[in-house]
Amino acid sequence: MPKTSKPERRDNRRSMGRREPKEFEETTISVDRVTRVVAGGRRMRFRAVVVVGNKKGKVGIGTGKAGEVRTAVEKAVAVAKRNMINIPLVNGGTIPHEVNIKFKAAIIRLVPASEGTGVIAGGAVRVILEHAGVKNILSKRYGTTNKLVNSQALMKGLARLRGAPKNDELEKKEEEAEDEGEKMEVKEVSRKDVDREGNLKG
């Protein structure tokens, strides 16, 4: 076999060490130890909460449980990628309108901000907004400090933003349902018009 020179070996190692840039960035928000009581005693596991986003308006969160932290994180990443939503960004990276969210014990308020304001948020809220690509926003959190509950509340609030594909489809279906309801006619029927089997007489 032909021998490779030292410079060629170094180049090969460098090319092997280079990783292709990922489409989505992942960040672990929290890892907690949870206990489950079973017949044989207590079962200790880890619960991971992970946020995944492309910083261009697409973001998702997921949770995973496993006996090892690494496995729990991998499960959470897979769930987060399946539950991703699109967020409408306007005016250089802010939300189109104000949103107030209440979920369980968490209350979060999001307000659009002008360019140069930055992300005025903390904890899990800041991490999720940054992964979504939001660059300017004002936020206020009330109630619980639980990272999982705050993350779930924020995702519900982001899904309510007008202009998101998911919301547009829901509004379209509701309008179609209302139109069909207006077209339907209600006709009163007496017992004489119904046979013994409950069918209308011709």
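View 1. R126 counts as partly exposed at 33% relative accessibility, where partly exposed lies between buried (under 20% relative accessible area) and exposed (over 50%), with a 1.4 Å probe and protein chains only. E130 is also partly exposed, at 33%. The side chains of R126 and E130 meet in a salt bridge at 3.2 Å, N to O; a salt bridge is a side-chain nitrogen of Lys or Arg within 4 Å of a carboxyl oxygen of Asp or Glu. Both residues lie in helix α3 (residues 123-132), four residues apart, about one turn of the helix. Helices (H or I, at least four residues) and strands (E, at least two) are DSSP runs, numbered from the N terminus. This is a predicted model, in which local features need pLDDT of at least 70 and side-chain atom pairs count only at pLDDT 80 or more, while totals for chains, interfaces and linings use all residues. Residues are numbered from 1 along each chain as its sequence is written, and side-chain values use heavy atoms, with hydrogens and water left out.

View 2. R47 pairs with D32, their closest N and O atoms being 3.0 Å apart. R47 is buried at 19% relative accessibility, whereas D32 is partly exposed at 30%.

**View 3. A salt bridge between E25 and K55.** The N to O distance is 3.4 Å. E25 belongs to strand β1 (residues 25-38) and K55 to the loop between β2 (41-53) and β3, 30 residues apart.
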